[in-house]
Structures are given as structure tokens and as C-alpha cells.
Amino acid sequence: MKMKNWLTVVCVIAAAIIFTGCPGQTRSADTVIVGMPSQPVSLDPIMTNDQPSSQVMKQIYSTLVNLDEQMAPVPSLAESWYWEDPARLRLFLRQGINFHNGDTLSASDVQFSLERAAGSPNIGHITGMIASVDIVNDYEILITLEYPFVPFINHLGHTAMSIVSRRAVMEQGEIEYARNPVGTGPMQFVSWVTGTSLELTRFDDYFEGPARLENISFRFISDSSTRLITLETGEIDLIYGVAASDVSHVEASDLRMIRSDSLAIDYIGFNAQRVPFNDPRVRQAINYALDKEALLRAAYWNTGSVARGPINNMVWASAANRLEPFPFDQERARQLLAEAGFSNGFSTSIVTNEGNAQRLDVAEIIQNMLAQVGIHVDVRILEWAAYLEMTQRGEHDMFILGWVSVTGDPDYGMYPLFHTDSFGAAGNRTFYSNSGLDTLLDRGRQETDPAIREQIYFEAQTIIRDEAPWIFLRTGEELNASRPELRGFSPNPAGHHILWNIYFE
């Protein structure tokens with residue numbers, strides 16, 4: 001038996017142990033079980049910006065505003081607001097909102113939450129423009145920014161800006177709080193078994209009315225084949241991250257394949273501080289050496305499309321349709337490698353996270369393609385949290401990740417990933433630095449004229465494309481699947497899906 005098939009059998013047996021239900025068994029219609037590829041890193045909003053954490057926190061917390069399907073801000077904990085001037089925002093809070101611990105939300109909780117967020121290096125690209133948060137009265141606050149920042153309202157809808165209970169954080173301490181969160185959202189935390197599951201239950205005092213569901217159970221299943229099997233057997237109701245290779249199988253079955261547009265982009269990052277990737281000619285050579293259309297077919301099964309730059313067309317001011325992609329040109333790749341002093345190629349490594357078969361496929365295809373131009377690549381696989389820690393410390397050569405421009409604004413899609421101030425955990429895991437680009441990204445943050453701002457971001461995208469700190473892989477697509485009887489699931493383009501109004505037919 002081939003090793004890959006044997007591992008799949010082992011995973012299925014393990015799943016049968018973890019998920020004690022049997023195919024076809026009757027479960028409560030008040031509980032939805034969701035299969036996720038990875039578990040959260042933390043449930044404290046200021047500690048992380050990874051997707052699994054945000055997907056769970058979305059159910060537990062509320063933010064001052066929400067973003068609708070057009071990425072426009074709508075009231076949430078703040079019922080109204082207005083700009084006093086381009087750098088001062090006054091917000092008026094809803095009254096009578098309760099936290100899960102019974103405390104009533106007040107301006108002190110909002111001030112505490114935003115000040116914590118503003119001081120966190122993990123989410124500085126989201127919150128770092130906050131200069132002060134002043135309490136006017138129990139239900140009114142004034143936020144002053146370091147500079148005018150047009151998309152700030154949208155940032156208030158990010159899970160990093162979730163409002164926490166001041167008393168809960170102070171009493172528990174940050175370490176304990178990260179695994180026992182207290183929010184004002186529709187679902188409240190129950191338990192978390194590391195590596196296995198996380199349980200939420202309905203919060204009946206939710207200010208928008210009780211959730212339709214009584215319970216949400218997240219199950220962490222790294223193997224995509226096992227996730228799909230548990231969906232097929234009825235042990236799970238909804239799965240995130242269907243492998244692209246399984247899409248046609250799901251579409252031909254009785255399951256519901258849910259494909260939707262995404263704000264995501266998939267990329268391979270170079271460590272621009274390490275030889276040979278500190279030379280843009282080497283980075284460009286690798287982009288030329290890869291047949292990305294073939295990679296899209298082989299690894300992504302023609303889901304999404306080949307990326308041309310750092311942000312996709314769903315993001316405002318995207319230049320994707322104006323940028324020329326790197327064509328597949330092995331001769332040009334060899335020429336650039338020779339110019340950089342690597343006419344005989346070199347050896348390097350690429351790291352990715354376990355539980356993502358698609359990324360492993362990408363790594364292996366990249367390995368084979370680069371061997372044709374003399375670059376020998378060792379593929380390494382790490383557990384998710386260890387993977388994030390390694391790449392934020394810069395202990396890698398190349399790595400595979402994705403990014404979601406959650407706010408729909410180009411600042412979110414570029415500042416954290418390419419600005420010198422965002423090295424490491426803040427997002428710039430390539431450790432790429434360009435003073436001219438930094439200046440453009442700083443200007444884009446402070447410019448209030450949309451036409452000028454758009455031109456700034458066009459210029460920034462051109463620099464990033466030309467300097468190639470990434471291999472621009474794919475504009476993403478949300479690929480989720482559910483049992484046929486599940487209703488009410490509406491995928492969010494940022495991947496932060498709302499689950500509390502799901503129901504069974």
C-alpha cells in the first residue's frame with residue numbers, strides 16, 4: 001500500500017475514534033459540527049491574526065461595526081458615528097448590551113479593548129494608527145488617529161478590533177483569557193480540547209436576538225480527505241477548505257459544494273534577508289522558471305486564477321488587470337541566475353504547514369519545476385502554530401501562505417505584507433524592505449483623495465511585482481461543503497463565516 005493511502009486510512013481510523021457518532025445516526029438539530037483544517041492559535045483578539053482564530057472569534061465577539069457583503073461598514077456595537085475631522089472619530093454605543101459574564105458593555109470596555117489592540121505588535125497594521133481613545137461618557141467615545149486614515153472604519157470591523165470584557169481580562173490574566181474568552185457575540189465559549197475540538201453555546205442575551213443554533217462544535221481535522229469523509233458519513237455538517245482536487249467529487253455527490261469569491265491570495269514568500277533571495281534577480285528568475293498555468297491545473301484543479309500581483313480584483317484599487325505576469329521562460333530564468341552568480345543553481349528549502357494537502361502539492365510541483373533550472377528544493381512540513389512561529393522569526397528560505405484583504409482596502413493587502421515596519425508576526429514574513437515602497441504605503445495611508453490614493457497603490461503594486469518578494473500563485477476561491485440538509489450558510493469573502501443562523505431543513 002502506498003504511504004499516502006496508508007496515512008489516509010490511519011486518519012480515518014483516528015477520526016472514527018474522535019467522532020463517536022456513526023454514519024446515519026441522529027444528532028440534535030440544534031447543534032452544527034464544523035470541520036476545520038487547523039485549530040486557533042489564540043482566542044484573544046490582540047494575540048493573533050491567523051484565519052482559524054478569526055473564524056472562531058467571529059462567533060464569540062462583536063465589533064463596533066460590521067462589514068456587509070459590499071465591504072461597507074454597518075452598525076454593530078456602535079449604533080452611529082461621525083468624523084469630527086479627518087483624524088477624529090466619535091462613536092455612540094448601543095445601550096443595554098451584556099457580556100457573556102453578565103457585565104454590561106460600557107465605554108471603558110471599548111477603550112480598554114482598543115488601547116490593548118493599539119499596543120499589540122501582532123496586529124499593528126490594523127490598529128497602529130490609533131493615537132488615543134477617550135471616554136466622553138458611558139456610551140460615547142472619541143478615537144483620535146495619528147494621521148487621517150480613510151479605511152479606519154473598515155478596520156473597526158476586523159476581528160482584531162473585537163471588544164473584550166475589561167474585567168474578564170484583568171481578573172484572568174492574558175494567558176488564561178486567551179483560552180477562556182468573554183465577548184458580547186451570539187455564541188459563548190464552553191471548552192477547548194487542544195488539537196481536537198472547541199465548543200460554543202448560544203448566548204441568549206445577544207443584542208441582535210438569540211442565535212438560531214444552540215451549539216457550534218468545531219473539530220480540527222488536518223487531513224482534507226478525512227474532513228471530507230466525515231462530512232460524507234454525516235459525522236460533520238460543514239467543512240472548511242475543501243481540497244481543490246475534491247471539488248468535482250463533491251459536486252457529483254449529494255453534498256452541497258459551496259464555491260464563492262474570495263479576498264484571498266495564495267503566494268510563496270522568499271526570505272529576502274537571506275542569500276540568495278536578497279537578490280531580486282534570483283526572485284525574478286524563480287518566477288520565470290515556474291509554469292503557473294500548469295501549477296494552477298495540477299495543484300489547484302483550476303479553482304481560482306493565476307495571480308498577477310499582491311491583491312486581487314475584489315480589492316479596491318487592484319492593479320491586477322494592468323500588471324504583466326511573469327511568463328514561463330526557463331531560459332530567462334537561467335540567464336538571471338547566471339547574472340546573480342548562480343549559473344550552477346543552488347540548494348534551498350521550502351516550508352509549509354501540515355493539514356494542507358494543496359500546499360504540499362504546490363511545494364512538490366515547485367520542487368520539480370525548479371530542479372529543471374538547477375535549483376534543488378527540500379520540502380519541510382510543520383504543525384500550524386510552529387510554522388507561524390518559525391516564519392515570523394525568519395528561520396526559513398521559502399514558505400507557502402495565503403493572505404486575505406479582510407477590509408477590502410489595498411492598505412490591508414500591502415502594508416502588513418511589504419512594509420519594513422511589519423517584519424515578522426505583523427505579516428511581512430519575507431522580511432522584504434524597500435524605502436521607496438515604504439514611502440508609497442505611508443502616503444497611501446494618509447491620503448484622503450481617492451483618485452490620488454488609487455494611483456499611489458497602482459505604483460506600489462508595480463514595485464512589488466517587479467521586485468518579486470513573492471511567487472504570485474493564485475487568486476483564491478472559497479471552497480466549503482456541507483450536508484444537503486444544512487441551510488443558511490452564507491460564505492464571507494474574508495473567510496470569517498457567520499454560523500449562528502445556520503439551521504437544518
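Contact here means heavy atoms within 4.5 Å. Helices (H or I, at least four residues) and strands (E, at least two) are DSSP runs, numbered from the N terminus. The model on screen is predicted, so local features need pLDDT of at least 70 and side-chain atom pairs count only at pLDDT 80 or more, while totals for chains, interfaces and linings use all residues. Residues are numbered from 1 along each chain as its sequence is written, and side-chain values use heavy atoms, with hydrogens and water left out.

**Stop 1: α11 and α13**

Select α11, residues 292–300, and α13, residues 357–371. Ala294, Leu295, Ala298, Ala299 and Tyr300 of α11 meet Gln358, Asp361, Val362, Ile365, Ile366 and Met369 of α13. Sorted by class, this contact of α11 with α13 has nine nonpolar, one polar and one charged residues. For these classes, Ala, Val, Leu, Ile, Met, Phe, Trp, Tyr, Cys and Pro count as nonpolar, Asp, Glu, Lys and Arg as charged, and the others, Gly among them, as polar.

Two packed helices are described by the angle between their axes and the distance between the axes. Axes are lines fitted to C-alpha atoms, for helices over the stretch in contact, and angles run from 0 to 180 degrees between N-to-C directions. The axes of α11 and α13 are 9 Å apart, and the packing angle is about 140°. That makes α11 oblique to α13. Angles under 35 degrees count as roughly parallel, over 145 as roughly antiparallel, 65 to 115 as roughly perpendicular and the rest as oblique. The crossing of α11 and α13 is right-handed. A crossing is left-handed if the near helix is turned anticlockwise from the far one by less than a right angle, and right-handed if clockwise.

Stay on α11 and colour its buried residues: Lys292, Ala294, Leu295, Leu296, Ala299 and Tyr300. Buried means under 20% relative accessible area, exposed over 50%, partly exposed in between (1.4 Å probe, protein chains only). The elements covering the buried residues of α11 include β12, α10, β13, α13 and β17 (470–482). Just after α11, select Trp301, which takes a positive phi of about 50°.

**Stop 2: two loops**

Next, go to the loop between β12 (256–270) and α10 (280–289), where Pro276 is placed. A cis peptide bond joins Val275 to Pro276, with omega about 5°.

Then move to the loop between β13 (305–306) and α12 (330–339) and pick Ala317. Its phi is near 70°, a positive value in a residue other than glycine. Ala317 is buried, with a relative accessible area of 6%.

**Stop 3**

Show α15 (residues 410–418) and α17 (residues 450–467), whose axes come within 11 Å and cross at roughly 40°. That makes α15 oblique to α17. The crossing of α15 and α17 is left-handed. Pro410, Asp411, Met414 and Phe418 of α15 make the contact with Arg453, Tyr457, Ala460, Gln461 and Ile464 of α17. By class, the contact of α15 with α17 has six nonpolar, one polar and two charged residues.

Between α15 and α16 (435–446) runs a loop that holds Phe431. Phe431 has a phi near 55°, a positive value in a residue other than glycine. With a relative accessible area of 12%, Phe431 is buried.

The axes of α16 and α17 come within 9 Å and cross at roughly 155°. The two helices are therefore roughly antiparallel to each other. α16 passes α17 in a left-handed crossing. On the α16 side, select Leu437, Leu440, Leu441, Arg443, Gly444 and Arg445; they meet Ile452, Arg453, Ile456, Tyr457, Glu459, Ala460, Ile463 and Ile464 in α17. The residues of this contact divide into nine nonpolar, one polar and four charged.

Which residues does Asp438 touch, not counting residues up to four places away in sequence? Asp438, in helix α16, touches Phe418, His419, Thr420 and Ser433 under that count. At 11% relative accessibility, Asp438 counts as buried.

**Stop 4: α3**

Finish at helix α3, residues 107–118. α3 has twelve residues and reaches 16 Å from its first C-alpha to its last, close to the 16 Å expected at 1.5 Å a residue. The expected span is 1.5 Å times one less than the number of residues. Its buried residues are Ala107, Asp109, Val110, Phe112, Ser113, Leu114, Arg116 and Ala117. To see what the buried residues of α3 pack against, show β5 (88–93), α4 (124–127), β6 (130–137), β7 (140–145), α6 (166–172) and α7 (174–177).
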